[in-house]
Amino acid sequence: MGSFGPIHWIIVAVVVLLLFGGRGKLSGIMGDAAKGIRAFKDGLKDDVSTEVADNKAKGSLPRTEQEAEELRKS
């Protein structure tokens with residue numbers, strides 16, 4: 001139970017190659033993940049700003065405190 005078998009060594013090699021292999025593969029992967037998260041957040045912001053604009057056009061009351069604050073700022 002205490003020794004590493006061939007499967008364990010293969011897993012260790014894959015992890016080492018991911019972390020240290022090539023030109024910053026890990027940083028590239030994390031950069032891509034960060035871009036995806038940023039795009040998702042920007043998409044959510046667009047939806048909220050569109051909804052606030054729709055509420056202004058309709059003259060309806062905001063549903064949340066955040067919407068009310070955005071309406072006061074505008």
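**View 1. Trp9, out on the exposed side.** Here's Trp9 in this predicted model: with a relative accessibility of 52%, Trp9 counts as exposed. The cut-off for that label is over 50%, so Trp9 makes it.

View 2. Phe4 has a relative accessibility of 48%. Exposed would take over 50% and buried under 20%, so Phe4 counts as partly exposed.

**View 3. Two rings that pair up.** Search the whole structure and you'll find one aromatic pair. Phe4 and Trp9 form this pair, with ring centres 5.2 Å apart. Their planes meet at 50 degrees, so we call the pair tilted.

**View 4. The helices, one after another.** The protein has three helices and zero strands, and along the sequence that reads α-α-α. Helix H1 covers residues 6-20, while helix H3 covers residues 65-73.

View 5. Across the protein the mean pLDDT is 76, and 66% of the residues reach 70 or more.

**View 6. The surface.** The accessible surface comes to about 6,500 Å², and carbon and sulfur atoms account for 65% of that.

Definitions and conventions. Residues are numbered from 1 along each chain as its sequence is written. This is a predicted model: local features need pLDDT of at least 70, side-chain atom pairs count only at pLDDT 80 or more; totals for chains, interfaces and linings use all residues. Side-chain values use heavy atoms; hydrogens and water are left out. Helices (H or I, at least four residues) and strands (E, at least two) are DSSP runs, numbered from the N terminus. Accessible areas come from the Shrake-Rupley method with a 1.4 Å probe; for residues, only the protein chains shown count as cover. pLDDT is the predictor's confidence in each residue, from 0 to 100. Rings of Phe, Tyr and Trp (its six-membered ring) pair if their centres lie within 6.5 Å; planes under 30 degrees apart count as stacked, over 60 as edge-to-face and the rest as tilted. Buried means under 20% relative accessible area, exposed over 50%, partly exposed in between (1.4 Å probe, protein chains only).
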